[in-house]
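Student: I would like to learn how to read a protein model, one feature after another. Could you take me through this one?

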Amino acid sequence: MGCRGACWAKMAAMRKALPQRLVGLKFLRAVSTPSMGALPKRVKIVEVGPRDGLQNEKDVVPTPVKIKLIDMLSEAGLSVIEATSFVSPKWVPQMADHTEVLKGIQKFPGINYPVLVPNLKGFEAAVAAGAKEVAVFGAASELFMKKNINCSIEESFQRFDAVLKAARSASISVRGYVSCALGCPYEGKISPAKVAEVTKKLYSMGCYEISLGDTTGVGTPGIMKDMLSAVMQEVPPAALAVHCHDTYGQALANTLMALQMGVSVVDSSVAGLGGCPYAQGASGNLATEDLVYMLEGLGIHTGVNLQKLLEAGNFICQALNRKTGSKVAQATCKL
Amino acid sequence: MGNVPSAVKHCLSYQQLLREHLWIGDSVAGALDPAQETSQSSGLPAFVKIVEVGPRDGLQNEKVIVPTDIKIEFINRLSQTGLSVIEVTSFVSSRWVPQMADHTEVMKGIHQYPGVRYPVLTPNLQGFQRAVAAGATEISVFGAASESFSKKNINCSIEESMGKFEEVVKSARHMNIPARGYVSCALGCPYEGSITPQKVTEVSKRLYGMGCYEISLGDTIGVGTPGSMKRMLESVMKEIPPGALAVHCHDTYGQALANILTALQMGINVVDSAVSGLGGCPYAKGASGNVATEDLIYMLNGLGLNTGVNLHKVMEAGDFICKAVNKTTNSKVARASFNA
């Protein structure tokens with residue numbers, strides 16, 4: 001037995017002597033990678049920092065700061081920037097200045113500035129303020145729906161139906177959101193079938209795109225895959241987006257899985273703005289900078305200028321007096 | 001949206017959430033639970049070995065010098081979490097790495113639990129001999145896929161370093177001591193920029209050929225993305241079986257878990273990580289360091305992959321060391337869980 005053979009024999013003997021737990025050292029059976037499908041060549045990033053991000057920040061941000069943030073994001077090359085939410089200031093004080101913000105921002109050609117509307121009243125206020133695109137917020141969990149907007153999933157569909165009808169008449173596009181797509185802070189596990197059912201309903205009501213949200217960031221890539229498999233049987237991939245929160249550090253991995261499954265629209269928030277109302281001290285949205293870094297590394301076109309994006313993130317963090325939630329920003333800022 | 005304070009009151013406690021979502025707790029050896037079946041049909045490995053590098057790679061990059069007794073207590077706590085490999089210290093000159101000056105005391109002071117391995121870094125024969133004298137039963141050697149990095153880090157070329165490692169690995173084999181090989185800068189170098197997959201393969205092959213049982217491919221400055229990870233692994237796996245490979249991802253640009261997922265999809269089933277995401281990055285001031293073991297376990301548990309590690313106990317060890325070095329954890333799971 002040559003030197004190499006003796007070495008192998010010794011290693012084999014050592015492995016036998018080691019406890020069962022180290023069974024992973026055995027050579028694996030051939031692993032197929034069915035989920036490593038071709039990645040999209042372009043990804044549309046929907047920037048939700050000014051809305052979802054700021055909504056979850058404790059300090060109320062002055063209107064001029066919000067406007068400047070949105071203008072800086074427009075200059076960074078993002079093609080969709082969710083500007084604000086036409087909800088009652090009683091519920092979401094941060095968004096009380098929705099009309100001033102929508103009227104005050106520079107509306108760059110080629111960029112969409114959707115706003116959230118919970119009902120017909122909010123929709124009408126949004127249109128009066130100049131909105132050209134709106135979004136409605138559904139959920140895959142009855143309990144979450146009840147606690148969040150005080151109605152059942154079915155009742156919420158009735159409210160949205162009114163909005164969608166009015167939007168159609170006014171030629172205004174509507175995006176649908178499905179919260180708790182990978183888990184609910186009240187119900188725990190959410191079945192992919194339920195997510196598919198709610199998504200299908202919103203799509204058939206006229207939403208051009210449905211954003212599937214991991215609201216509390218509990219999802220992992222396998223759960224993302226199962227959920228998307230179920231949803232894609234009802235709604236084409238091109239009409240889907242993912243909206244991952246990074247509460248447990250899983251957002252980018254979950255987003256990668258979604259891209260592998262054929263999704264090409266991803267929501268994110270500059271500087272990873274926003275905490276999580278369900279886990280005090282936890283982080284919030286996936287940071288746009290970190291998402292862009294990954295997509296650029298993968299050779300996927302986004303149209304975003306990372307440098308300008310970093311500047312926008314830096315601006316808002318200084319205004320909020322908080323550290324960035326983006327690791328790319330953390331690595332590139334010399335502090 | 002909605003009334004936040006009452007929402008928090010009624011929501012599931014984090015323990016309940018973890019239990020229901022993540023199949024937390026001691027894994028049952030042998031029994032194939034439904035989650036594992038899912039992972040096998042998805043093409044992912046059923047079992048993933050985690051190599052905990054917090055006490056070495058993690059602490060090495062922390063500014064505050066941690067007292068020896070704290071290091072020992074930290075390692076002892078990690079030994080009780082189910083981790084099967086814990087990299088303990090580094091037998092380098094204290095002139096270069098003051099944090100590791102107490103290598104002998106740490107090696108002698110820890111409680112060596114049965115079934116847990118405690119590798120140590122040994123840069124040369126002298127370090128190896130000291131390590132053995134102190135009771136080490138497994139060692140690691142640290143190569144690089146970049147000439148500039150090798151020169152600046154250990155003051156010699158890749159070829160010269162291979163010569164030194166050959167001596168160490170040969171001596172180790174004579175004494176039945178397994179040797180693990182590291183390849184730094186596998187996805188990019190702070191000095192040279194991009195690194196070709198071919199270079200990584202060449203260095204990995206050298207280390208494997210001289211007798212290293214496992215090669216850990218390190219994204220030293222965290223610049224890699226799933227695409228560069230895939231290309232690098234495709235090249236290396238032409239020469240070395242996946243079962244002998246590991247990935248060591250730094251989270252400097254937030255890419256670590258996405259890169260690790262890619263590696264798992266390609267058949268890798270050994271992953272290095274550091275509890276609490278300890279360690280900064282000496283090449284990017286203020287940046288984060290290693291991928292956090294807690295966040296890695298969370299993902300693996302969610303994927304239905306068996307690790308043998310108890311997440312709660314790891315979080316407790318992380319909490320201990322963070323208090324000791326007086327810094328907040330870099331683990332998002334820990335942040336979300338301890339404050340809930």
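**Reading helices and strands**

Tutor: Gladly, and let us begin with a helix: Ala256(B), Leu257(B), Ala258(B), Asn259(B), Ile260(B), Leu261(B), Thr262(B), Ala263(B), Leu264(B) and Gln265(B) of α12(B) are buried. Buried means under 20% relative accessible area, exposed over 50%, and partly exposed in between, with a 1.4 Å probe and protein chains only. Helices (H or I, at least four residues) and strands (E, at least two) are DSSP runs, numbered from the N terminus.

Student: What sort of model is this, and how are its parts numbered?

Tutor: This is a predicted model, in which local features need pLDDT of at least 70 and side-chain atom pairs count only at pLDDT 80 or more, while totals for chains, interfaces and linings use all residues; side-chain values use heavy atoms, with hydrogens and water left out. Residues are numbered from 1 along each chain as its sequence is written, and chains are lettered from A and ligands numbered from 1 in the order in which they are written.

Student: How many residues of helix α12 (residues 256-265) of chain B are buried?

Tutor: The count is 10 of its 10 residues, so this helix is mostly covered. Just after α12(B), Gly267(B) has a positive phi of about 110 degrees.

Student: How do I read a sheet, and what is the order of the strands in chain B?

Tutor: Start with pairing: two strands pair if DSSP finds at least two bridges between them. In chain B, nine strands make an open sheet with parallel pairing, in the order β2-β1-β9-β8-β7-β6-β5-β4-β3. The edges are β2 (85-86) and β3 (89-90) of chain B; each has a single partner strand, so one side of each has no neighbour in the sheet. For one pairing, take strand β1 (residues 49-52) and strand β9 (residues 270-273) of chain B, which pair in the parallel sense over four bridges. There, Ser273(B) in β9(B) is the bridge partner of Glu52(B).

Student: Which faces of β6(B) are covered?

Tutor: In a regular strand the side chains alternate between the two faces of the sheet. For β6(B), both faces are covered: Ala179(B), Gly181(B) and Val183(B) are buried on one side, and Arg180(B), Tyr182(B) and Ser184(B) are buried on the other. Six of the six residues of β6(B) are buried, so this strand is largely enclosed by the rest of the structure.

Student: How many bridges join β6(B) to β5(B), and how many to β7(B)?

Tutor: β5(B) and β6(B) pair in the parallel sense over six bridges, with Val141(B) opposite Gly181(B). β6(B) and β7(B) also run parallel, joined by four bridges, and Arg180(B) has Glu214(B) in β7(B) as its bridge partner.

Student: How do I describe two packed helices?

Tutor: Two packed helices are described by the angle between their axes and the distance between the axes. The axes are lines fitted to C-alpha atoms, for helices over the stretch in contact, and angles run from 0 to 180 degrees between N-to-C directions. Helix α10 (residues 197-209) and helix α11 (residues 226-236) of chain B pack at about 45 degrees, with their axes 8 Å apart.

Student: What angle do α9(B) and α10(B) make?

Tutor: Helix α9 (residues 158-174) of chain B and α10(B) pack at about 20 degrees, with axes 10 Å apart. That makes α9(B) roughly parallel to α10(B). The contact is made by Ile158(B), Glu159(B), Met162(B), Phe165(B) and Glu166(B) of α9(B) with Lys199(B), Val203(B), Arg206(B) and Leu207(B) of α10(B).

Student: Is Thr122(B) buried or exposed?

Tutor: Thr122(B) counts as buried, at 1% relative accessibility. Its place is in the loop between β4 (120-121) and α7 (125-133) of chain B.

Student: Where does Cys244(A) lie?

Tutor: Cys244(A) is in strand β8 (residues 240-244) of chain A, and is buried with a relative accessible area of 2%. Leaving out residues up to four places away in sequence, Cys244(A) touches Asp214(A), Met224(A), Ala251(A), Asn254(A), Thr255(A), Asn285(A) and Leu286(A).

Notes:
Parallel < 35°, antiparallel > 145°, perpendicular 65-115°, else oblique. Contact = heavy atoms within 4.5 Å.
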